Amino acid sequence: MAVKEDDNSVTYSLDHFTELKEVTSLIESIGTICHDNILLEAAEERLILILNKYQEQPHLLDPHLESLVKKLQHIVCNASNLARVIQQAFKYLYFITKVRGPKYVVRLFSHEVTDVEPLLRMLSQQNPQDHETWETRYVLLLWLSIVCMIPFDMARFDGLRKASDETQERCKPVVERILETAKMYLSVPDKSRDAAALVISKFVTRPDVKKEKLAEFLDWCLIRMEKANGETMDGMLLLTGILTTLALLFKHGKRDDLIPYAPTVLKQIGAREISNINNTLLRKLNIKLTQRLGLTFLKPRIAAWRYQRGSRSLAFNLENPFSQEENENGHHTTGLSRDEEEDYDVPEELEDIIEKLLTGLRDKDTVVRWSAAKGIGRITGRLPQELADQIVENVLELFSSRESDSGWHGGCLALAELGRRGLLLPDRLPEVVPVVLKALSYDEMRGTYSVGSHVRDGACYVCWSFARAYDPKEIQPHVHGISSSLIIAALFDREVNCRRAASAAFQENVGRQGTFPHGIDILTMADYFAVGNRVNTYLTVSVSVAAFKEYTKALIDHLANVKLQHWDRTIRELASQALHNLTPSDPEYMAKTVFPRILSQTNNIDLNTRHGCILGCSEVIHALFLYTKGNGRLLTDLVDKDCFEIMKDFVPQLNSAKSFRGLGGDYMRQAVCHLIMKLSLSELPWHGDQIIGVFQDTIDDNLSHTEPIIQEGAVRALGALCEQYYVKDDGVAIDGIQDSIITHYVGQLKSPSEFSRVGFAQALGFLPKFILSSRLKVVFTGLITASQLADDPGKFAESRREALKSLARIACTVGLNRTGDEEEVVTEGSVHVLYEAFFVAMNDYTIDSRGDVGAWVREASMSGLETLTRFVVESDHSLFTPEICERVMCCLAQQSSEKIDRTRAHAGEIFLRLLYMDSPRLPHIPHHEELLDIFPKDKCLEMNWSASAECFPRITKLLGLASYRKSVLLGLTVSVGGLTESLVRHSHSSLLRFLKVISKSEPQMNEIAEALLDIFRKNEKNDRIIVPLFKMLDMLLANGCFELFAQDESHPFPAAVFNLTKKEIFKIGDARKLLTSVSVFCGLLQFPGATRTRAFQQLSIFLCHRYPQVRKSTADHLYSAVLTYDDIIPAENFDEVLAILTETSWDVKIEELRVIRNRLCDIIGIPHPVLKSSTAPNTVKKKKDELDSYKDLVSRGY
């Protein structure tokens, strides 16, 4: 194993087979572990894990493969071994074959004369339908593929064998046995089919077999192919096996032997119309067989006319510095002469073959197109130049607007194959390069998506192959176009695979051609990893590349002409931002040429173009403003005044055209908000112009929109508009604008529309200080009211969230002055009001159909508390009192221990940031030193608070700190009594671990008990807390956490728990709460005295409850309690009580159960429960359905 390091990278590679001993021991242990499935499976998985490490470096296995294969062969050839052992050995052989490859491993198999008969015998014992032993059959057939090539006449192996009656009979010839065995596996669905095809292709081409069996086998194939039904699974499997075999046969066989049969085979596969079958593999094999037939018709030769660049070996070129002409001359001598080429006869069948291959280039599947492209390249290499040129013409016809994306991709693959084989002559490059460059930007819309990424990827492959195929002087005329197109694809393509392919092609051209401008410099910026991030390539790498003047205009033109019209909105947005960043590279070209061109497209009928061009205009005008400002010039020096008038009319024209409505309205609204923001930031002199009122109306309209992205755009536009057009020179707001904006926006906080509340709450938070001045108290009051549940009965959680965010943002905007004017700045009184608003929001647990939407409000409140705390401490730390600090930290601690992962993580991260806050340090943190010990900085700042296993072991330690105890215990109550298995497990175990530590300390246990009772009392009838609290109490009681209290019958805790639980379930019909309370009452039985008696009385009432499920649950829990607490039932009655609880059917009528229940009460020694008589006057009431309560129970899942 080797690790190589340098300044820029670390590479990791293997240098030898390190696990040889372990693999050897695994092989040798097969026989000893074959009876244990678990050990066998573990050994198999271990071998797979080891071998998979060498998938990319399989040659490291080579020195040891022969010994490993021999060991395994020895096992499989030993007839005394169990079938299970032999099967496992074959499986190991398959694993080795998968990693190293069958072509290499098969040569290591023994191939002696004596191997023929054992192999055929083992194959005859196999069941082709057994899906668990396919590895055995596959390896046996691979083995047979080399054994059948032994250089002896197969007829010599035919002999006699003994029959059952000790007589002699002649067995079938070995040739027939091999063929019949292999044919049997041609229609199986596993890899044995491929091995069988290999066996037949090698066997029937043997000199002694082909005379008798080649024609017979081909007849068998054609007959079976004709009869096979391509629409059934069996038919497709048989066709696959036959086509695979024929393709291999025409690959391995001699041309002279096969050419008599080639026309017949070609005719048959044409008549079968396999290209129309909806099976990718069959169509690929059809193309593969077709090209093999074409190569059979043509004599093997090297075309004299093909282009040869010279030696491809860098080492050879360095050692032999011959000229290019010498290299080419040396090569051309191996080809045919021109006279021989003219006399070359091309069979008439070849036209049909080439037509099929050209059709295959249009296939819908890539693997079929790829096979067709390779076939085109191989056959063209054997044709005369004139015919080869016609094929190139046909391939170029695929690059037309009439062709589908499949045709374009197939054409790219074919061009690449022709180019790398030297079959695309340099004089064709002026025709080829333009279509390849067009393919590099191919992108065609199909409804709501586009196709073309595979075409662009194929075009990159063509450019890559051209770099290796042609001399630099041939490519030189096309360098500018290819280099610019490749760098554009590498930077701006939507798909990461295309960007990386273009980067690889650019790198290949830089290395092979050496003529690309600034190639090395660009490669260091736009390498494989840099182009992986799309945002990075658009906004960062493109700026670096544009610094080279050869590429600047090409990048800008592509963004303006192509990417601003792209179908993907994200690409249009990135393109506009990229244009902003590229403007300083050539501001004159951008202002005089590009900007007017984009401006002219803003009224285009196409929605995507209109949207992208408006965004582009916004970004470019702002970039030009920044450029002129930085260079002491005016924007009007660069941009024509007519352009400003056109931009001023954008919004009115879109309004009059009703472009803000319908399907494209959202795009236009977003683009216009962005335009208003950028125009405002560009400081255009439109102060007092009526267009500003139009802008304001547009922003107000978009603030009420249903899409958050549009509201956010409107909010940003509002802030920029106010900063530029609503302020006087002395920094004061213009007359009337404050009343206009503040009054309207605060009023919208009470709107019946949730979207209006959200949008205008956001907008208030982004208003500048001069707008808020003298209106601050009204704004604070309105936002605080909007953040409270009293003003919003649980409907609009999003608006409450945004109101809280704006409160914190406004406080930071206006500043803090302890004794200042409440209408101008945050004062001492305002600080307390703001903190109280955030503390109130921390109790927002609103639930609707989306779940706990109150969590959004709590998260916003926590963020607001952090922002406000930092603001107050940095401005005037004396206002941050110890009481406020304790409440802040306790609120965060509670949320850090609750059940929602996202909320818990948010709270925990803020808690730690405040804990370790410096410059200035946060004062008055309760138990600061203890907290630093519990949460050490080096371990906890990167802690994953979302993972319950990481956070709860630390957060439960806060129970030992008085200030945090109740808050953390309240949060833990919800977590321990939650529903998520991992959350409950980790919170439960962490709490038990803490209580175990203090279980012997009565003062500490009393503090925990008092905290629990306090939570119980403060949350009466609050099911969000009470139901989880019941579950947690059950867990604590069941684990004996309060055994210390059982020793004192007068301890108030058990009685208090009983009283509160009894009060909580009084006159309720909630089955869920009743069932959880049963566990609590059973847990209280461990406390002797009055508490145990009262708990028994309550449980006896539950035994005759109207809900059958409550009765059953009570009996089950009481049974467990009797077994757990053996002192609560007299020993002489123990068995009778257990019998009553287990043998009674608690589904029968209550009248029957009362007798049994009363007997149980007598045994325990408690009075019988008595029904209370009703004192209400007799009134005529509607008869209640007796099943109502049970229906309610069923509806709740019980």
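Histidine 580 lies in helix H31, residues 569-582, where helices are DSSP runs of H or I with at least four residues, numbered from the N terminus. In this predicted model, local features need pLDDT of at least 70 and side-chain atom pairs count only at pLDDT 80 or more, whereas totals for chains, interfaces and linings use all residues. Residues are numbered from 1 along each chain as its sequence is written, and side-chain values use heavy atoms, with hydrogens and water left out. With a relative accessible area of 16%, histidine 580 is buried (under 20% relative accessible area, 1.4 Å probe, protein chains only). Leaving aside residues up to four places away in sequence, histidine 580 is in contact with Glu619, His622, Ala623 and Leu626 (heavy atoms within 4.5 Å).

Helix H59 comprises 17 residues, 1108-1124. The distance from its first C-alpha to its last is 24 Å, close to the 24 Å expected at 1.5 Å a residue; the expected span is 1.5 Å times one less than the number of residues. Buried residues in H59 include Pro1108, Val1110, Arg1111, Leu1118 and Val1122.

The second largest pocket has a volume of about 800 Å³. A pocket is an open set of points on a 1 Å grid, where a 1.4 Å probe fits, with protein on both sides within 12 Å along at least five of seven lines; lining residues have an atom within 4 Å of a point. Of the 26 lining residues, Lys103, Asp194, Leu198, Thr244 and Leu248 are the closest to the centre of this pocket. Helix H12 contributes the most to the lining of the second largest pocket, with six residues.

Key
Helices (H or I, at least four residues) and strands (E, at least two) are DSSP runs, numbered from the N terminus. Buried means under 20% relative accessible area, exposed over 50%, partly exposed in between (1.4 Å probe, protein chains only). Grid points are joined across faces, edges and corners, and a volume is the space filled by probe spheres set on the points.
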